[in-house]
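Open your viewer and keep the selection panel at hand. We will go from stop to stop, and at each one you will hear what to select and what is there.

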Amino acid sequence: MENLTSRIIRSLMAMLGFSAAACDLAHTERCEYGTPQVNFKIKGRVTDAVSGVGIEGIRMVFRNNDENYGDTIYTSVQGDYDYQKLRDGFYSAQKFEVQLKDVDGAANGLYEGQTVQPPLEVKDGGWQDTAVNDSFDITISPAND
């Protein structure tokens, strides 16, 4: 009876995703469950390509290039930005891009929208500890009137 009970419990655990073989306690390697994550910490400045002055109010959408959505932030009065996000489902081999758009009209000048792929260094630490801690500046051109 104990053998049958043990088999039933093991079968139920296997159906629920638990396994006695999933983590070998004799080894020091980490068990990795769940979704891969990348901890992004990216900062920099968006500047006018002609004057070199920081641009306020530029919408920046951070996303990997196979998503239809992203995380949106806006540049500060000095043109600075600081993007911090723990993103699920992002693999280090994916391309990361930033879409920039001037959304405040002529308030601080009109600028061309653009998409850039920043040269980010992904520090691979496995599914749960992969990180990007980088800084890059972007210049955008004034729009042609």
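Are Arg63 and Glu97 buried or exposed? Select the two and see: both Arg63 and Glu97 are buried, where buried means under 20% relative accessible area, exposed over 50% and partly exposed in between, using a 1.4 Å probe and protein chains only.

Before the next stop, a word on the model. It is a predicted one, in which local features need pLDDT of at least 70 and side-chain atom pairs count only at pLDDT 80 or more, while totals for chains, interfaces and linings use all residues. Residues are numbered from 1 along each chain as its sequence is written, and side-chain values use heavy atoms, with hydrogens and water left out.

**The whole chain**

Switch to a cartoon view. Starting at the N terminus, the order is α-β-β-β-β-β-β-β-β. Of the 145 residues in the chain, 28% are buried.

Now colour by pLDDT, the predictor's confidence in each residue from 0 to 100. The chain average is 78, and 72% of the residues score at least 70. Confidence is lowest in H1, with a mean of 76, and highest in S8, at 93. Over residues 21–29 the pLDDT is below 50, and beyond near neighbours in sequence this stretch has four contacts in the model; a contact means heavy atoms within 4.5 Å.

**The salt bridges**

Go back to Arg63 and Glu97, whose side chains meet in a salt bridge at 2.8 Å, N to O. The term stands for a side-chain nitrogen of Lys or Arg within 4 Å of a carboxyl oxygen of Asp or Glu. This pair links distant parts of the chain, with Arg63 in strand S2 and Glu97 in strand S5, 34 residues apart. By this rule there are three salt bridges.

Select Arg45 and Asp80 next: the closest N and O atoms of this salt bridge are 2.8 Å apart. Arg45 is in strand S1 and Asp80 in strand S4, so the pair ties together parts that are 35 residues apart in sequence. Arg45 is partly exposed at 34% relative accessibility, and Asp80 is partly exposed at 28%.

Then pick Lys85 and Asp71, a salt bridge with its closest N and O atoms 3.6 Å apart. Lys85 belongs to strand S4 and Asp71 to strand S3 (residues 71–74), 14 residues apart. Lys85 counts as partly exposed at 33%, whereas Asp71 counts as buried at 18%.

**The nonpolar core**

Select Ile42, Val46, Met60 and Leu100. Among the 21 residues of the largest nonpolar core, these touch the most other members. Such a core is a set of buried Ala, Val, Leu, Ile, Met, Phe, Trp, Tyr and Cys residues joined through side-chain atoms within 4.5 Å. Elements giving two or more residues to this core include strand S1 (37–48), strand S2 (58–64) and strand S5 (96–102); S1 gives the most, with four residues.

Centre on Leu100. Leaving aside neighbours within four places in sequence, its contacts include Val46, Met60, Val116, Ile138 and Ile140.

**A patch on the surface**

Finish with Leu4, Ile8, Leu12 and Met15, which form a nonpolar surface patch. Leu4 is found in helix H1 (residues 2–15), and Leu4 is partly exposed, with a relative accessible area of 49%.

Conventions
Patch = residues over 30% accessible without salt bridge, like charges linked within 9 Å, V, L, I, M, F, W, Y side chains within 5 Å. Areas by Shrake-Rupley, 256 points an atom, 1.4 Å probe, with all protein chains shown as cover.
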